[in-house]
Amino acid sequence: MDEASERRKEWGDKPCDHPQVVKEYFLGTNTGDFVCTQCGKSASSREYLEKEQQK
């Protein structure tokens, strides 16, 4: 989560197509969400799946 937060700060408001998402962890525990490795956006797997289906 800390790394994702830093990526979001660095990325800013630029658009992102979320090319790669990975499981999100907080203090070594899986949060159940996923995070984009490019922009740091955190979302549920359902949100990412819905966006992928819209493409």
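In this predicted model, Met-1 lies in the segment that precedes helix H1. The residue is partly exposed, its relative accessible area being 41%. Leaving out residues up to four places away in sequence, Met-1 touches Glu-24, Tyr-25, Phe-26 and Thr-31. Met-1 and Gly-40 are separated by 39 residues in sequence, whereas their C-alpha atoms are 8.7 Å apart in space.

The chain as a whole contains 2 helices and 3 strands, which follow one another along the sequence in the pattern α-β-β-β-α. The radius of gyration is 11 Å, close to the 10 Å given by the globule rule for 55 residues, and the chain is therefore as compact as a globular protein of that length. Along the principal axes, the C-alpha atoms fill a box of roughly 35 × 25 × 15 Å. Of the 55 residues in the chain, 20% are buried. The chain exposes about 4300 Å², of which carbon and sulfur atoms supply 49%. Among the contacts with a separation of 6 or more, 29% are accounted for by residues 24 or more positions apart.

The strands are arranged in an open sheet in the order S1-S2-S3, with antiparallel pairing. Its edges are formed by strand S1 (21-26) and strand S3 (42-44), each of which pairs on one side only. On average, and with direction ignored, neighbouring strands of the sheet are turned by 55° against each other. In general, the strands of a sheet pair through backbone hydrogen bonds, in either a parallel or an antiparallel manner.

The antiparallel pairing of S1 with strand S2 (residues 29-36) extends over 5 bridges. Within this pairing, Val-21 stands opposite Cys-36 in S2, and Lys-23 stands opposite Phe-34 in S2. The two strands form a hairpin with 2 residues between them. Leu-27 is placed in the loop between S1 and S2 and has a positive phi, near 55°, although it is a residue other than glycine. Most residues other than glycine have a negative phi. With a relative accessibility of 77%, above the 50% cut-off, Leu-27 counts as exposed.

The pairing of S2 with S3 is likewise antiparallel and comprises 3 bridges. The bridge partner of Val-35 in S3 is Ser-42. In the hairpin made by S2 and S3, 5 residues stand between the strands, and Gly-40 takes a positive phi near 85°.

A positive phi is also found at His-18, a residue other than glycine, where the value is near 50°. His-18 belongs to the loop between helix H1 (2-11) and S1. The relative accessibility of His-18 is 14%, and the residue therefore counts as buried, the limit being under 20%. Its neighbours within four places in sequence aside, His-18 is in contact with Cys-36, Cys-39, Lys-41, Tyr-48 and Lys-51.

Helix H2 (residues 45-54) lies across S1, S2 and S3 and runs at about 90° to S3. Tyr-48 is one of the 6 residues of the largest nonpolar core, together with Trp-11, Cys-16, Cys-36, Cys-39 and Ala-43. In soluble globular proteins, nonpolar side chains tend to be buried together. Trp-11, a member of this core, touches Cys-16, Gln-38 and Cys-39 when residues up to four places away in sequence are not counted.

Conventions
Residues are numbered from 1 along each chain as its sequence is written. This is a predicted model: local features need pLDDT of at least 70, side-chain atom pairs count only at pLDDT 80 or more; totals for chains, interfaces and linings use all residues. Side-chain values use heavy atoms; hydrogens and water are left out. Two strands pair if DSSP finds at least two bridges between them. Helices (H or I, at least four residues) and strands (E, at least two) are DSSP runs, numbered from the N terminus. Axes are lines fitted to C-alpha atoms, for helices over the stretch in contact, and angles run from 0 to 180 degrees between N-to-C directions. Contact means heavy atoms within 4.5 Å. A nonpolar core is a set of buried Ala, Val, Leu, Ile, Met, Phe, Trp, Tyr and Cys residues joined through side-chain atoms within 4.5 Å. Buried means under 20% relative accessible area, exposed over 50%, partly exposed in between (1.4 Å probe, protein chains only). The radius of gyration is taken over C-alpha atoms; the globule rule is 2.2 Å times the number of residues to the power 0.38. Accessible areas come from the Shrake-Rupley method with a 1.4 Å probe; for residues, only the protein chains shown count as cover.
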